[in-house]
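User: I'm new to reading protein models and would like to learn how to go through one feature by feature. Could you walk me through this one?

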Amino acid sequence: MKGLVIKNTGSWYTVKVDDGPVVECKIKGNFRLKGIRSTNPVAVGDRVSIAVDRKNEERGVRNEDGSVVDSVYWITEIDDRRNYIIRKSINLSKQSHILAANVDQAMLVVTVSKPETSTTFIDRFLASAEAYRVPVFLVFNKTDLLNNDEMRYQQMLIDLYETVGYECFAISSVAGTRGRGDEGVKIDTPAVLLPLLHDRITLLSGNSGVGKSTIINSLVPDANLRTSDISDAHQTGMHTTTFSEMIAIDDARRGYIIDTPGIKGFGTFDMEREEIGGYFKEIFHFSKDCRFSNCTHTHEPGCAVLKALENNYIAQSRYNSYLSMLEDKDESKYREAY
């Protein structure tokens, strides 16, 4: 049987069988992907082959509640992936964690305040998506909570990323919030995102506390995802989503959102130093005019990227993110979890 992995709770995988039921599956033994050491060898969005074992009672495989199941569905094979979004494992630097597989696009939710999403996190996510050819659009959430200075900073970020080539939206998840902020920034509700989600599988990601679950509840009212407040002590997000799950938007739109647990950092995985510049759109654009084909854009004479940086065609924050990925000396800084 063939099916689609729609949920991953760690030890069990929920699979929607083609033209069949939804079943709970396990994986056998040391199931590893070809060439990838991953903490989650099967990811939401994977197409898989499954087999049923009806002689389980003597083997004692149990559900998460401890009860013995009569029959067990086993994932026996994973189809080749057309893409995936991957980051370093928060615990094992030599292993990876796959956020989702076979996606059409990614929606990165960020907030300027409560909590603040760093440009380093944004740029690392964007670069990783570029590496695996996944289009991304940015959603700036909680716009209604910003003061004038924060609103100006958010608009500066929107202008930056739209100039680079990423579509951006400024929204508020508060029901009925719509209009214009003090600085003339249009504030939409999450409904503005629906046309982008039609007939697509969209990975939803971002830091803990940026409002991902609230956005999904607005887009899919019967999802009923749990939400929580921001930690007053640290102004950081608290986990509400604890596993990855594929959620259908509605029958008419035929789209899916893959909800993932919030993450603090985004450690890049399996990138060569000479490749990283190609995952920053503007750096790649100017690098074509560098004097040396193997230019690292850090010190070389005739570097078109450094000249563009000096002339403000490349933002300093983006260049700093490029350097951080180039060096990655303090890896724990980007892999620490809440």
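Analyst: The chain has 9 helices and 15 strands; helices (H or I, at least four residues) and strands (E, at least two) are DSSP runs, numbered from the N terminus. This is a predicted model, in which local features need pLDDT of at least 70 and side-chain atom pairs count only at pLDDT 80 or more, while totals for chains, interfaces and linings use all residues. Residues are numbered from 1 along each chain as its sequence is written, and side-chain values use heavy atoms, with hydrogens and water left out.

User: What percentage of the residues in the chain is buried?

Analyst: Here is the idea first: buried means under 20% relative accessible area, exposed means over 50%, and partly exposed is in between (1.4 Å probe, protein chains only). In this chain of 338 residues, 52% are buried. Of the contacts between residues at least 6 apart in sequence, 64% join residues at least 24 apart.

User: How do I read a pair of aromatic rings?

Analyst: You describe such a pair by the distance of the centres and the angle of the planes. Rings of Phe, Tyr and Trp (its six-membered ring) pair if their centres lie within 6.5 Å; planes under 30 degrees apart count as stacked, over 60 as edge-to-face and the rest as tilted. That rule gives 5 aromatic pairs here. One of them is Phe280 with Tyr322, an edge-to-face pair with 6.0 Å from centre to centre and 85° between the planes. Phe280 sits in the loop between α5 (273-276) and α6 (281-287), and Tyr322 in helix α8 (residues 316-327), so this pair ties together parts that are 42 residues apart in sequence.

User: Which charged residues sit over rings?

Analyst: The test is that NZ of Lys or CZ of Arg is within 6 Å of the ring centre and within 35 degrees of the ring normal. Lys281 has its charged end over the ring of Tyr166, 4.1 Å from the centre. Arg81 lies over the face of Tyr84, at 5.8 Å from the ring centre.

User: How do I read two helices that pack together?

Analyst: Look at the axes, which are lines fitted to C-alpha atoms, for helices over the stretch in contact; angles run from 0 to 180 degrees between N-to-C directions. Angles under 35 degrees count as roughly parallel, over 145 as roughly antiparallel, 65 to 115 as roughly perpendicular and the rest as oblique. Take helix α1 (residues 119-131) and helix α2 (residues 148-164): they pack at about 25°, with their axes 13 Å apart. They are therefore roughly parallel to each other. On the α1 side, Thr119, Ile122, Asp123 and Leu126 meet Tyr153, Leu157 and Tyr161 of α2.

User: At what angle do α1 and α8 cross?

Analyst: Their axes cross at roughly 65° and come within 9 Å. That makes α1 roughly perpendicular to α8. The residues in contact include Thr120 and Ala127 of α1, and Arg318 and Met325 of α8.

User: What should I look for in the backbone?

Analyst: Most residues other than glycine have a negative phi, and most peptide bonds are trans. Asp19, in the loop between β2 (13-17) and β3 (22-27), has a positive phi near 55°. Asp19 is exposed, with a relative accessible area of 85%. His297 also has a positive phi, near 60°, but this residue is buried, at 7%. You'll find His297 in the loop between α6 and α7. For a cis peptide bond, go from Lys114 to Pro115, where omega is near -5°. Pro115 is in the loop between β8 (105-110) and α1.

User: Which residues does Thr298 touch?

Analyst: Leaving out residues up to four places away in sequence, Thr298 touches Leu306, Tyr319, Leu323 and Leu326. Thr298 and Leu326 are 28 residues apart along the chain, and their C-alpha atoms are separated by 9.9 Å. Thr298 itself is partly exposed, with a relative accessible area of 32%.

Technical notes
Contact = heavy atoms within 4.5 Å.
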